[in-house]
Amino acid sequence: MNEPIIARHWLAIAAPKAAPAIATTTVLALARIWNANGAEHSVGSAVLMGALSLGAAAAGVAAGNSTGDSVLVGTAFAASGALAFAGVAGYADGMPLPLLLWSLATTGAYALAARYWRTDRRETVAHERDITDRREERAHIERIETLRATTQVEVARTGAAYAEQLAAALVTRAALPGFDAAALERAGLPELPARHRDT
């Protein structure tokens, strides 16, 4: 019944909450590195990122229509947004526009992630409730069975003690002088075993 308590490390708890910010910050940093290495005002690079972004969005739409897998669709649209963000951040000169896009992308990522976190939390709470209910039910059954077994043991013990006392009383009574088993039977008492009658 007792299960070990597993304490998760604080990094394991905080990592999922920090993932959207880490992802958008990584895309911004890589886009700015790309900007410094020749992507600034490069039409070819902007067209490439635009085409990749549209391709990822089209893949998301196709996945939604064919499979209906929400994780696959969400991944495709997230990739599309990340590619568009990287293209703009790599093409633009200066930091204001990339930082604005970074803040919008981070806010959007947290808004989308919050929905999944709520769903996951609901499922976790429902699972924990179900486990708690099962444990309580099993504990209740175990308590009832323990009481029943204890009662049966006590009844058997009491019956055995009574039988021993009755046997001792019969032996003691049969040993008394002037004991007449036939007189007891005539008085309506139960017949004694032959062994005691002969004594």
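**Figure 1. Contacts and fold of the whole chain.** Of the contacts (heavy atoms within 4.5 Å) in the protein with a separation of 6 or more, 64% are accounted for by residues 24 or more positions apart. The model is predicted, and local features need pLDDT of at least 70, side-chain atom pairs count only at pLDDT 80 or more, and totals for chains, interfaces and linings use all residues. Residues are numbered from 1 along each chain as its sequence is written, and side-chain values use heavy atoms, with hydrogens and water left out. The secondary structure comes to six helices and zero strands, where helices (H or I, at least four residues) and strands (E, at least two) are DSSP runs numbered from the N terminus. Along the sequence this gives the pattern α-α-α-α-α-α.

**Figure 2. The largest nonpolar core.** Six residues, L28, A31, M49, F85, A86 and A89, form the largest nonpolar core, a term that stands for a set of buried Ala, Val, Leu, Ile, Met, Phe, Trp, Tyr and Cys residues joined through side-chain atoms within 4.5 Å. Two or more residues of this core come from each of helix 1 (10-39) and helix 3 (70-91), and helix 3 gives the most, with three residues.

**Figure 3. The surroundings of A86.** A86 has its place in helix 3 and is buried, with a relative accessible area of 11%. When its neighbours within four places in sequence are left aside, A86 is in contact with V27, A31, W34 and M49. Although A86 and R32 are 54 residues apart in sequence, their C-alpha atoms are 8.4 Å apart in space.

**Figure 4. Helix 2 and its buried residues.** The 24 residues of helix 2 (residues 43-66) should span 34 Å at 1.5 Å a residue, and the end C-alpha atoms are 34 Å apart, which agrees; the expected span of a helix is 1.5 Å times one less than its number of residues. S45, M49, S53, A56, A57, G60 and A63 are the buried residues of helix 2, and what covers them includes helix 1 and helix 3. Just after helix 2, G68 takes a positive phi of about 75°.

**Figure 5. The surroundings of A56.** A56 lies in helix 2 and is buried, with a relative accessible area of 14%. Leaving aside neighbours within four places in sequence, the residues in contact with A56 are A76, A79, S80 and L83. One of these, A79, is 23 residues from A56 along the chain, and the C-alpha atoms of the two residues are separated by 6.3 Å.

**Figure 6. Helix 3 and its packing against helix 4.** Helix 3 has 22 residues and reaches 31 Å from its first C-alpha to its last, close to the 32 Å expected at 1.5 Å a residue. Its buried residues are V73, A76, S80, F85, A86, G87, A89 and G90, and these pack against helix 1, helix 2 and helix 4. Helix 3 and helix 4 (residues 96-175) pack at an angle of about 170°, with their axes 10 Å apart; that makes helix 3 roughly antiparallel to helix 4. Axes here are lines fitted to C-alpha atoms, for helices over the stretch in contact, and angles run from 0 to 180 degrees between N-to-C directions, with those under 35 degrees counted as roughly parallel, over 145 as roughly antiparallel, 65 to 115 as roughly perpendicular and the rest as oblique. The contact is made by S70, F85, V88 and A89 of helix 3 and by L97, P98, L101, W102 and Y116 of helix 4.

Notes:
Buried < 20%, exposed > 50% of the residue type's maximum accessible area, 1.4 Å probe, protein only.
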